Amino acid sequence: MTKFVLTMSLAILLLVVCTTADAAFPEKNITILNSSTAGSPTDLLARQVAHYTEPHLKQPLIVLNKPGGGGGVMFAALLAAPTDGYTIGSVTAAQMAALQAQLKNDFSFDSFDFLCNVQLEPYAIAVLTDSPWQSIGDVVEAAKSGKNILFGGQGTGSSMHLMALQLSKLADVKFTWLPYQGGAESVTNLLGGHAEIIATAPATVMQYVEAGQVKVLAISGESRLSYLPDAPTLKELGYDIVLTQYRGFIAKKGIPEEIKAQLVDAISKGIREPGFKEFMAQSKQEDGYMDPAAFYEYAKKDFDKIGELMQLMQ
Amino acid sequence: MLENLVSGFGYAFQQHSLAALCAGTLIGYFIGAMPGLNPTLGISLLIPFTFGMKPIPAMILLSSLYMACEYGGAITAILINTPGTSAAAATALDGYPLTLQGKAGKALGISIISSGLGSFFSTLLLIAFAIPLARFALSFGGPEYFALALFGLSIVSSLASDSLIKGWSAAIMGLLFSCVGMDTINGVGRYTPHLYLLEGLPFIAVMIGLFAISEVFVLLEGRSGKGENFTGRVDALPTGAEMKSCGITVVRGTLIGFIVGIIPAAGANIASWVSYNDAKRRSRSPELFGNGALEGIAASESANNSAVSGALVPLLTLGIPGSSAAAVLIGALTIQGLQPGPLLFTRNPEIPYSIFAAFLLSAPLMTVFGLTCSKFFARVSSVPDEILAFCIFGVCVLGTYAIGNSMFHVWVSLGFGVLGYFMRKFGFPTAPMVLAIVLGPMAETNLRLALLMGGGNAGIFFSRPISLVIILVSLASFLSPIFKNIVHKKLSSREGQ
């Protein structure tokens, strides 16, 4: 009897081993590491992508928050995981930019493989509707006449700060930069009159634009936004400034090509689902899909440009 | 407005909404009681479940969870000196001494009743004043936040009335700890040998270390301080007279919590400390504070629940989060296709009003549930010290791991546990250090922002009315315990002669 049970269990074990060995990728949960805290816009995006990609991979995608270290904790966790495609990371331009600043000595841009991009968004320069300045020209003129302009936005050395620095260099004026903790804080300070002009993500101020409280003077993209047709690009205004925030996915360098292709295929199918498109429209985001090659090229160019602009901070 | 509120109740009484309300309240209660799990995390954990729900039940679920977390945080603060949410830190100061005196039931009862009253009356304030007070939330810029942080720090004087020098030493050490991390103005790291430290010492882990882990060591040493009057009847609830004595404190706590809650980035944390300080200063027996004053619990708990309603003022009227949990609520609203902000009350009045109705319904629900359970919870205090110590330790390690899914937070809390143990051994209070670590970054960043705004001129603090008033109040709050001490010493030395 004991022998019979033993043989049977061995047989079952063998069966299980065989089926798992034969099964194609993915055979277990895929973890998406996210450096932002639960509930933040980047986290919500990752969770939405996970939700809509799941049916195409037939395995659950689990978003795991690894906040801290200015994004470094997530990068470290990603690099510590094996390159089997079961651990990927969500990434933004701002996080990669940290590798040009405080994380410069910890990580290298080339340690990562770029999977695909999902969102692409320019930055906006905004004032209150009843501000004395109704165009970038007005702002520059006021600064030239010696006015101390309080220019607020998220962080020091962030893309938004670099945009303001670049503008002040090209227009040959000076601003007082007020670094805030995040987008919401920047808007609060603008609405309260503690900052006179802010750099922000357009989606953060859209509802105030709709309510007639805030006016966007310019955006930093290549072309105008469909939902903000009246806001010119900085390029149109004669300032050669193009800076964008991308949000996509990366893996540790060395992920097998066929697994990478499978992941990219599943994500690209997921983000074409109507439910995901609705989410994008609700959060005022335009489709920014890029395949691995295009995404790498874009991210690399952006990364190098940020590195150059960092020199302006000296 | 009234018809909107009536229809809000109509929505809240629908079966899905009621189910969401009960689920949110119960889950929130336990998330709140679990150290390390805070309302922000609780809301974000539940967001995926709201994908398939209609907007109203979804928002009722999340907002009642938020409110209930602030009830739950007090349970572990009182029973095992481990604040379940960071806003319950001030509750532990008096709650735990009461548990040691065998009055856990009374402490829990007062905390639940004050929480219930705080959340009910602050909801009424929210309904009446949300729109008119929206502008007030915007009037806080760099100088005002600096003044507010200064006011918070001035509380140290009254927290440490036994020995001002020891209290302020602990606070100053806390301020030094808060320097660790990225300097947000210049964008450079300070004291950051490892990248985990770039965002500073994780506050919740530090707090759990100083309060709870240090308590584990004290318990293991076999001197828990359980008094001789520790009787078997730990589950006695507060008497009518005891509740009455806290009445006025609850009213003031509710008002303070609501006002501090409205100010974005201030929130329940600061509200409970400010209210605690206020209650102590006004109390007829301030010497009881820190040794088991029911009023202290009432002050802290009414304020931290009231701050939740306060935080909804800028959230619903302006789309500005008044706390990190409120920021996650904004995300949840966005997923439902709703924009919290200037247009919400006109476009979707059913959302704010059904949240108001849910808050009004959840207050009595929570109170009844809490009072029923507190009799059982109170028995925790009769568990032998050695067993309790290991349970607290386990819960703390689990909770701190959950903050960032990493061992780093666990090590930080253990380190601060050792520090806290030695501080207590040598008579240094740990509460001022916790307070300083909360307020340090706020004070520093806003001091520098304000000076940037003023072009380097400190006049900006005195030329803006709100900041001037708060600075004067903090000066009074800083100096009054010192004067009181001196006068008291003179009087007693005269009596001695």
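The legends below describe close-up views of a predicted model. Local features are given where pLDDT is at least 70, and side-chain atom pairs count only at pLDDT 80 or more, whereas totals for chains, interfaces and linings use all residues. Residues are numbered from 1 along each chain as its sequence is written, and chains are lettered from A, with ligands numbered from 1, in the order in which they are written.

**View 1. The contact between chain A and chain B.** Chain A contributes 43 residues and chain B 44 residues to the contact, two residues being in contact if their C-beta atoms, placed from the backbone, lie within 7 Å. On the side of chain A that touches chain B, at least two residues each come from H2 (41-57), S2 (61-65), H3 (72-80), S7 (176-180), H7 (183-191) and H8 (202-210); helices (H or I, at least four residues) and strands (E, at least two) are DSSP runs, numbered from the N terminus. H7(A) gives the most to this side, with five residues.

**View 2. Helix H9 of chain A and its surroundings.** The 14 residues of H9(A), residues 257-270, should span 20 Å at 1.5 Å a residue, and the end C-alpha atoms are 20 Å apart, which agrees; the expected span is 1.5 Å times one less than the number of residues. A:Lys260, A:Leu263, A:Ala266, A:Ile267 and A:Gly270 are the buried residues of H9(A), a residue being buried if 20 or more other C-beta atoms lie within 10 Å of its own, exposed if 12 or fewer, and partly exposed in between, with C-beta atoms placed from the backbone. Seen down the axis, these buried residues fall within an arc of 135 degrees, so they line one face of the helix; the arc is that of the directions from the helix axis to the C-beta atoms. The exposed residues A:Glu257 and A:Glu258 are carried on the face turned away from the buried side. Among the elements of chain A that cover the buried residues are H2, S10 (244-252) and H11 (292-310).

**View 3. The five-stranded open sheet of chain A.** The strands follow the order S7-S6-S8-S5-S9, with mixed pairing; two strands pair if DSSP finds at least two bridges between them. S7 and S9 (214-219) stand at the edges with a single partner strand each, so one side of each is left without a neighbour in the sheet.

View 4. S6 (residues 150-154) and S7 of chain A pair in the parallel sense over five bridges, and A:Trp177 in S7(A) is the bridge partner of A:Phe151. H6(A), residues 159-171, lies across S6, S7 and S8 (197-200) of chain A, running at about 150 degrees to S6(A); axes are lines fitted to C-alpha atoms, for helices over the stretch in contact, and angles run from 0 to 180 degrees between N-to-C directions.
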